[in-house]
Amino acid sequence: MNDLDNLLASREMILVAGSGGVGKTTIAAALGIAAASRQKGRVLVLTVDPARRLATALGLDEFGNTPTRIDPAAFSDAGVKVRGEMWVAMLDTKAGWDELITRHAPDAGIRDAVLANPLYENITNRFVHSHEYLAMEQLHDLHARGDFDLVIVDTPPSRNALSILDAPGRMVEFFGSRLLRWLTVPYRSRLFTMASKPFYQVADRVLGSRFLQDIADFFVLFQAMEGGFVRRAREVEALLVDPRTAFVVVTTLETAPSHEARFLARSLVERHMCLGAIVANRVLPEELAGGEAADSAAALLEQASGSLAASIAKQLDVPVKHVRAVLTQIASRFDDVALVAARESDRRSELAAMAPTMVSVPWLEGDIHDLAGLGRLAGYLRNP
Amino acid sequence: MAARYGRRTLVCEMDAKGALANAFDVGPLEFEPTEVAPNLHAMAMNTEDSLREYLRLFVRIPFLGRIGPLASTFDFVADAAPGVKEILGVGKLCWEVRERNYDLVVVDAEASGHIVSQIGAARVIADLVQVGLVRDQTQWMLDILDDPMRTGVAVVTTPEEMPVTETIELLARLRAETGAHAAAVIANRVLPAVFNRREQSIVDRLDDAMALLVDAVGPGACTVLAAARLTESRRSTGATHLDRLRNWIADSDDVVDGLPIITVPELFARASGPRVVSLVADALTDELDPEPIGRSAGGKRHE
């Protein structure tokens, strides 16, 4: 029995989180293939894929906001057996925001005014962790539409993994903030308030009243959509703690990513969100840290220049001095790798204690660049 | 390294994660710089303190006692208004450069996606804000940031696919969206080549002699050989990515052309703490072979 396999079968939404550069996007795609190999049904992987590499690996030229199905023929060509359908979509922040505005705007006038506002793009790109919120929002949307049995979200890389968990809450908080209320009171009465409040004098002096007015104009429009936005953000927030949702934290066993993974795992528990599994990616084989290998390495270093090199040279029919050099290098470099493996093994046990399931994926030769590679990875995830 | 060469150096961490404090093995860093080693000062950026200092220096606010609630409200503006938070951080650092409080200001900038907004904040503000003190303040910052003699962006990467791809994107965006100049790419944790081609072919054929090896050194021989192959495979994958970076730099136009790639070897040591900082400084010194004190111009370096 493998718990990750069960997780893929029992949950409806899986959020893949972790620090940047640990192979999160690749693992998310492999989880999708694993789910599609396990059983029938429709699986969607929603990704950010900053390197656009996943598209190539999946045999697609590109894919966008709209879910695209991976051709079943591509799977069979790559020797990957799938029983279900695998779909992919790319998280597009700009398109996502436009869609949100269109949905929540009370009328066409407000919608067009917001979309045409010069600050709109700039602000949606920056404020209250816009990307993270959009990822959550799209997850909610896809789930609510009921087109898929399982939606796997590759969360955007962020400097703080927590921001994705807190994004919906911050959106609600933003709409209730004093700043927004002040910015959106009619200009005339703000002048009156301003005269009495030193803050507004300072803000006015520092930022310039013209700039404040630009922001205010935008938020007056924005506030017309408050009801819809707040309701939606609360729904998205509820989805994060929903029993149908689980998180998979991806990490390597290097210091910084595993530190981040432990922090993330603890934060999930504190927020009553479900940590389904931790996937340790690009892991060194555990036996590298073992005593047997260390003994052999030490013996090899001793014998590298002796008769061993001579007999190997004879068998392979190569000059003995090259064999000596090779054996000496292999033996003397072993300690470095063993040290890293020992440290990884230590971190692995720390992480394993934090999650119901811990899966280690070995460092596969080279980078994964095709469907067959993703299929192999999916195999490791299902049967580690 | 700069501090070892006698230059009064400030290191600033922008993302408040505490990694810098770890690296120097000191308590949490604050906005007010702490001397962590001779000539070496460290600080952590904090928007609220930066705003406080800014108001004191430029607006001459008389009621400092009331700044608490002011700053928290300001935080919302800073969150919502493009570039305000960034400009406070960058502004503080530019101020230290302008006042010549240090010979070198090293900025541990945020992840590559954010750094363009940090460096570009002054320009965004200049475009968006028509009047007001912030706008007046942007020009001198741009003068410092855009001057290759004073500001250089050192882009740090590792020989892996994503970091190299992000480095290429960052170099392109820096050129397109900011006036700042890339000074170098630092490739960290590069594995050295161990075998030459002739030796590699022997390594590839060692399976044929496995019985001899196991007889001589015990059953762990397979694992030892596997370790060597794994390391070599990692090295050659990494080398492919660095080549991609090297080719991209060579193929791009004259702004990035000739950009040096400085390599720091994989240290096989613990990944944080003063020991590693010291080892990396040794490696950089070997690689850069810096001139003696007093020759190079005062500057500022990001990341």
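Biologist: In which directions do the residues of β5(A) point?

Modeller: In this predicted model, A:Leu150, A:Ile152 and A:Asp154 point one way from β5(A), A:Val151 and A:Val153 point the other way, and all are buried.

Biologist: What makes strand β5 of chain A mostly covered?

Modeller: Strand β5 spans residues 150-154, and five of its five residues are buried.

Biologist: How do you know that β1 of chain A pairs with β5(A)?

Modeller: Pairing requires at least two bridges between two strands. Four bridges join strand β1 (residues 13-17) to β5(A), and the two run parallel. A:Ile14 has A:Ile152 as its bridge partner in β5(A).

Biologist: What makes β2 of chain A a partner of β5(A)?

Modeller: The same cut-off of at least two bridges applies. Strand β2 (residues 42-47) and β5(A) share four bridges in the parallel sense. Here A:Leu44 has A:Val151 as its bridge partner in β5(A).

Biologist: Which residues have the most contacts inside the largest nonpolar core?

Modeller: They are A:Val16, A:Leu31 and B:Val224, in a core of 124 residues. Helix α18 (residues 320-352) of chain A gives the largest share of this core, 12 residues.

Biologist: Why is this core said to lie between domain 1 and domain 2 of chain A?

Modeller: Domain 1 (3-175 + 225-284 + 363-382) and domain 2 (288-344) both give residues to the core, so it lies between them.

Biologist: What is A:Leu31 in contact with, leaving aside its neighbours within four places in sequence?

Modeller: A:Leu31 is in contact with A:Leu8, A:Ile14, A:Val16, A:Ile152, A:Val248 and A:Leu381. There is also a second, separate core of 55 residues, which includes B:Ala3, B:Ile87, B:Ile119 and B:Ala187.

Biologist: Why is A:Leu371 called buried?

Modeller: A residue is buried if 20 or more other C-beta atoms lie within 10 Å of its own. A:Leu371 has 23 such atoms within 10 Å, and is therefore buried. A:Leu371 belongs to helix α19 (residues 371-382) of chain A.

Biologist: Which residues is A:Leu371 in contact with, apart from neighbours within four places in sequence?

Modeller: Its contacts are A:Ala57, A:Leu58, A:Gly59, A:Ala74, A:Phe75, A:Ala78 and A:Val80. A:Leu371 and A:Ile33 are 338 residues apart in sequence, with 9.4 Å from C-alpha to C-alpha.

Biologist: How many helices and strands does chain A have, and what percentage of its residues is buried?

Modeller: Chain A has 19 helices and eight strands, and buried residues make up 46% of its 384 residues.

Note on methods. Residues numbered from 1 in each chain as written. Chains lettered and ligands numbered in written order. Predicted model: local features only at pLDDT ≥ 70, side-chain atom pairs only at ≥ 80, totals over all residues. Buried ≥ 20, exposed ≤ 12 C-beta atoms within 10 Å, placed from the backbone. Core = buried A, V, L, I, M, F, W, Y, C linked by C-beta atoms within 7 Å. Domains from an automatic or database assignment. Contact = placed C-beta atoms within 7 Å.
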